[in-house]
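Hello,

Here is the structure you asked about. My notes follow it.

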Amino acid sequence: MLKKLDFSANQGEFVALLGPNGAGKTTFLRILSTLAKPNFGSVTISGFQLPNQSAHIRQRLGVVSHQPLLYGDLSAEENLKFFSRLYGLHPAKDRIAEILKLIGLEKRKFDLVRTYSRGMQQRLAIGRAILHDPEVLLLDEPHTGLDQDASNILDGILNQVAMRGRTVVMTSHDLGRVANLASRFDVLTRGFIQASINIKDLPKHGLLEYYQDVLANSDEKVKAHAS
Amino acid sequence: MQAKTSFIKALSAVIWKDLMTELRSKELISGMLVFSLLVIFIFNFSLEMDARTRNSVTAGVIWVTLIFAGTIGLNRSMAVEKDRGCLDGLLLAPVDRTAIYFGKSIANLIFMLIVAAIILPVYSLLYNNNVISLGLILVILLGSEGYVAVGTLLSSMAVQARTRDILLPILLFPVIIPILIAAVKASNGFLNGVPFNELMTWIYLLIAYDVIFTSVAFMVFDAIVEE
């Protein structure tokens, strides 16, 4: 359960949201992505407020979740064509070709998605998420289930998105990877942001130690409160 | 930034997607068809009927077959959306969510009418009793519309549950009793040569049911699919 969670990200920031299982990272992203409603509190994205302006927010969001959100019985091109129609892209043909090239699926664009490997599906999922060139990209553990090569391709795509000045919020357990991608690291545990640090302020011993220190401090606080 | 997608564009995109996925997989219509034909065969062999009895039970057999087969179709139609998180993909799009509902409803109606178009001639052949008439086609159109209007709404609720296959008929069948009664009475009248004006009460009931449930679905779909 999320409580007293205060989070903001500036345009162009790449925020890695870290935290143990059950900390509320996925719930938080589902609220940001308009898929879940908070019981109280307010959410503002690109100047639009939830829930009243959720359609405006969805227009500016790209979301990559645990699942690919793709139709297995459609080809990659057909999936992108379908979502381009939902996002009102017109003409979409050039944009679809551009995305397929970016994610490296040009040669397999006519194949049904259910014949794709997990890595290819994840690349297409990212292609779907950035199809409408969103201002904000939300990613929920996008590296899960990917091998090294697929993860490297994914990181390349994410770097390109970040370089275009888009805001990225990504949850992950892979500290090694996010250390090379993100510009800020927030640690979410027990339902709120325990700590936040910019990459330039990271201590010399690195992200892993910093993360473990934050979790250890959080546990001590809870023990002290309980006693 | 592209404009918010129009209702009609979103609706047609959802219909196109449902028809394309079905064209590829053929899971939904083949399941509904095999089930319908089996039910008709079972009725044929289990009930030894003379011509007069046959006339009186025809409407009931046709509607029971259509309703049961329709439940299979509704379950499958929503299961496709749930399998890879596709429902979330639809809900993330910046479209009026009722366009998603109407798109799925129209696709479900098309599938149901295709099944009806196949089972009516089969029934006529098997029972040596021509049931195809303009009146019956009108009743099937109106009855199927009401059925998919409420069925699509309830299947979008049931799909969230682990026991969705069992839950849908439990939720759906009590609600569709009025439409089943009206459809069977009107169909029976047409099959037995009752004049059109004497069956208007049942036709009006079907129209009223269609309007009420389509309107209710229009109002509540957004709330139902939101967490």
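In chain B, helices α5(B) and α9(B) are roughly perpendicular to each other, because their axes cross at roughly 110° and angles of 65 to 115 degrees count as roughly perpendicular. Helix α5 of chain B covers residues 97–126, helix α9 of chain B covers residues 200–225, and their axes come within 9 Å. (Axes are lines fitted to C-alpha atoms, for helices over the stretch in contact, and angles run from 0 to 180 degrees between N-to-C directions. Helices are DSSP runs of H or I with at least four residues, strands are E runs of at least two, and both are numbered from the N terminus.)

This is a predicted model, in which local features need pLDDT of at least 70 and side-chain atom pairs count only at pLDDT 80 or more, while totals for chains, interfaces and linings use all residues. Residues are numbered from 1 along each chain as its sequence is written, and chains are lettered from A and ligands numbered from 1 in the order in which they are written.

From α5(B), B:R97, B:T98 and B:Y101 meet B:A217, B:F218, B:F221, B:D222 and B:V225 of α9(B). (Two residues are in contact if their C-beta atoms, placed from the backbone, lie within 7 Å.)

Between the chains, 27 residues of chain A are in contact with 25 residues of chain B. On the chain A side, α3(A) gives the largest share, 4 residues.

Chain A itself is divided into domain 1 (1–60 + 135–227) and domain 2 (70–133), with bounds from an automatic or database domain assignment. Their C-alpha centres lie 25 Å apart, and each domain gives 10 residues to the contact.

Regards

Conventions: Parallel < 35°, antiparallel > 145°, perpendicular 65-115°, else oblique.
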